[in-house]
Amino acid sequence: MGLAVKVRKGEAEEVRKKLVEMGVLDRDRKATKRGDFVYFPVTQPVEGYEVVDVDLPPTKKKPRDIVEALKDVLTPEELERLVKSFDIIGHVAVIEIPEELRKREADIARAILAVHPNVKTVAVEEGPHTGEFRVQPVRVIAGDPNLVTVYREHGVRMMLEVGKTYFSVRHSYERKRIAEQVKPGEVVAALFAGVGPYPLVIARKQPGVKKIYAVELNPVAWKYLVKNVEMNGFQDKIIPVRGDVRDVVPRMFPGMADRVLMPLPKTSHEFLDIAMIALKPEGGIVHYYTFGPAEDPYSEAERKIREVAEEFGYNVEVLTRRKVADYAPYVWKVVLDIKLSRVAP
Ligand SMILES: C[S@@+](CC[C@H](N)C(=O)[O-])C[C@H]1O[C@@H](n2cnc3c(N)ncnc32)[C@H](O)[C@@H]1O
């Protein structure tokens, strides 16, 4: 039970406005019609109106997060095991559900849809990123089965297919960080380009960039890369190239790049020679992504870079060492920004 102002239907709208002005409407209960009367829930007695004690239904509130949405649905032990953070890529939420909670996946999906009105599809991760294309298998567990989505960041739009193309919303800051270093007139070699997040953000943030060669092996990712370049109107800046960087770089742009991006942490060390073939003879910058043990994430990467740079006659200066993300227990995904300059003869 609770206080409510009781008014005839014909006067309801006017009285509602007055109660709002007075700031006495109780937002936790619903205004309700009964017979010829409307009952407005109020937080205190209001002079000049008939105030009654009445039972009104509670207002339905959108849960704040999935924990709140699931607190009366899952057991405390299940709530404990729930992976609370997940990625939202366009209209698709991608969630990890531990084996022991698989029987609860419908409840978890319902909670995500209730908390995030923009999410239309909930997909569950079915394993880690694998293979040459670094794609992660997923299975749709609720909503629209369509996994082709459009993601927006830093003023660009990217279309991609979740599960068929690599993409991580978690590297948004990293893309901005790299793009902000690019100077007017630069030629950029965006190796391992995926659907194009690095080239697109660079082209948006540095309109003075001369050319960006974006190379991608996965035909599905390449198809979206081409589409994304068109969709954002960067056809004069970004050249999408389908193929293996090992074939493409020596054939299409050897010795032409001021800057080389290597966002393939799993095997980037195998392509350091290709990065150096892409660079201008006088040198330039390489953004090298790799995985490293938490206790010493950079040393092995630096050793490899120095080894290959020496073969190519370059001096190495490490400009930045940065942790990008946790990859696995005690393993970090890291980036090193490297300046290579020609050793004096
Ligand atoms: C970790 S993903 C990064 C994709 C993109 N840069 C991003 O951040 O979303 C690495 C990409 O490199 C591509 N790839 C792997 N080996 C390649 C190669 N030898 N030549 C060109 N692309 C390759 C994969 O298909 C994948 O799309």
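Okay, a definition before anything else: when I say domain, the bounds come from an automatic or database domain assignment. What we have here is a predicted model, where local features need pLDDT of at least 70, side-chain atom pairs count only at pLDDT 80 or more, and totals for chains, interfaces and linings use all residues. Numbering starts from 1 along each chain as its sequence is written.

So, the domains: the assignment gives domain 1 (2-54), domain 2 (66-146) and domain 3 (168-342). The centres of domain 2 and domain 3, taken over C-alpha atoms, are 31 Å apart. Still, 5 residues of domain 2 are in contact with 5 residues of domain 3, contact being C-beta atoms, placed from the backbone, within 7 Å.

Now, where does the ligand sit? It lies between domain 2 and domain 3, because both give residues to the shell around it. That shell has 21 residues, and the closest are Phe133, Phe192, Gly194, Leu217 and Asn218; a residue is in if its C-beta atom, placed from the backbone, lies within 6 Å. By class we get 13 nonpolar, 3 polar and 5 charged, with Ala, Val, Leu, Ile, Met, Phe, Trp, Tyr, Cys and Pro as nonpolar, Asp, Glu, Lys and Arg as charged, and the others, Gly among them, as polar. Helix H6 (197-205), strand S12 (211-216) and helix H8 (245-252) each put in at least two shell residues; these are DSSP runs numbered from the N terminus, helices being H or I with at least four residues and strands E with at least two.

Last, the sheet: it's open, 4 strands in the order S5-S6-S7-S8, with mixed pairing, where pairing takes at least two DSSP bridges. Strands S5 (87-89) and S8 (138-143) are the edges.

Conventions. Two residues are in contact if their C-beta atoms, placed from the backbone, lie within 7 Å.
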